[in-house]
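Overall make-up comes first, then two residues.

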Amino acid sequence: MAESIINSRGIVEDHEGDNEDTDDSNLQVELNVFRAQWMSELKPNSGSNGGNRGLSSRAADLRRKQELAREEKARELFLKAVEEEENGAVYEAIKYYRRAMQIVPDIEFKINYSRSPDPDGGNENDMDGEIEDLLAYFHQQLTLQDNSLKICVPEMEMTQMHISALPPEVLIYIFRWVVSSDLDLRALEQLSLVCRGFYICARDPEIWRSACLRVWGRSCTKLVPFNSWRDMFLERPRVRFDGVYISKTAYIRQGEESLDGFYRAWHQVEYYRYLRFFPDGQVMMLTTPEDPLVTVPRLRSRNTRVESIMCGHYRLSQDTDNQTKVFVVVSKRKEEKVSEYQRNSRFCRRNPAAPETEHSFHVGLQLSSGGRQSLNKLNWIHHSCHINYRSTGETVVTAFDLDQMYASFFFARVKSYTAFSERPL
């Protein structure tokens, strides 16, 4: 019902029913406050301090009760607005929001948004515990009467084939392509957030067991002390494959004296060391002054064309002191053999003689945590150079002293390293 009112300018204004309800509620609250004050003033004053304290305490109690009544009315209107907004009635929700905030301006900060319990008798908090219980719950929800597992249900009718028609075995094989031979388990975890069926397939024990075997080999035949293969992969210390370990070293070097002998220059030298590990036991190591923005993309493939890069292999070792160490052996790549046609061609430069010595570098690193991330740091514990003389078969070992020039490696994740999948897990 609309009401016409003439304002101070003589213009007729129409007010809707919601404004009328708002004015009525506000007038009712103000009327209750006025009645309380009026009744307190009509009571005779005894003149004693005790009587004044009693009146003030009763007035304070009355004000508190009135404030609670106002908050209760505003809370009811605010929750009604939330319900209307969830149902899609945005304009009705705005009306209730406005009425609630007219009564209590900060009502949105005084409401407990705790969810009501499940009507089936279950509580959502009960499902946030063990992963096995959650898997069993999803299995129960997705299993049909004929005991067949339905991965998901299409939201609307489709003319084409839906992914729910695929059996779980085929879907798990697709998930193995997502993990790929580079062990991109991060993508698998993100895929499990799509729906309950994907969550079940992403928790397949065989996928996580294959990943553990790729990382630790025969040393992970037993699950103890872990509860599952997934827990082993996530909690057991290891190197990561979805990025590169970077170490930055900076020092000041004294330059040559000027011609007039007036000053001597000082130079600040900065260079980087890069380490990239692969699941099959291979590793690449590069020392260069170039910035990571330039160098990191060149380390995407193990067949990179960087000249100064060294390749080799690594192994993980866990001592009795529960410290995980990484031992790396790298050397420069050998030059490709010249074909028979190029060797006999007179226009081709002769192949230089094979080097008499072979250099290999042995590096020992200890896995630790640094910063907010866990197990993202590699500290130097050993560095030596092995020179093998082919003529005599003798090997000379030179160990380097580890000083401030050997800065720790820190892991940096690179998205492009796992953007493509060449082979399934």
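**Entry 1: the whole chain.** I counted secondary structure elements and found 11 helices and 11 strands in the protein chain. The model is predicted, and I read every value below with that in mind. I then looked at burial: of the 425 residues, 30% count as buried. The protein chain exposes about 29700 Å². Carbon and sulfur atoms supply 51% of that area.

I also checked contact range.

**Entry 2: F34.** Is F34 buried or exposed? I located F34 in helix α1, which covers residues 17-42. Its relative accessibility is 52%, so F34 counts as exposed, the cut-off being over 50%. I next looked for a surface patch that includes F34. F34 makes a nonpolar patch together with L31, W38 and M39. I noted about 420 Å² for the patch.

**Entry 3: T295.** I turned to helix α10, residues 292-295, where T295 is placed. What is the relative accessible area of T295? I read 1%. Buried means under 20%, so T295 is buried. Which residues does T295 touch, leaving out those up to four places away in sequence? I listed Y274, L286, T288 and E290.

**Entry 4: side by side.** I set the two residues next to each other.

Terms used. Residues are numbered from 1 along each chain as its sequence is written. This is a predicted model: local features need pLDDT of at least 70, side-chain atom pairs count only at pLDDT 80 or more; totals for chains, interfaces and linings use all residues. Side-chain values use heavy atoms; hydrogens and water are left out. Patches are made of residues with over 30% relative accessible area and no salt bridge: like charges are joined within 9 Å, nonpolar side chains (Val, Leu, Ile, Met, Phe, Trp, Tyr) within 5 Å. Accessible areas come from the Shrake-Rupley method with a 1.4 Å probe; for residues, only the protein chains shown count as cover. A salt bridge is a side-chain nitrogen of Lys or Arg within 4 Å of a carboxyl oxygen of Asp or Glu. Helices (H or I, at least four residues) and strands (E, at least two) are DSSP runs, numbered from the N terminus. Buried means under 20% relative accessible area, exposed over 50%, partly exposed in between (1.4 Å probe, protein chains only). Contact means heavy atoms within 4.5 Å.
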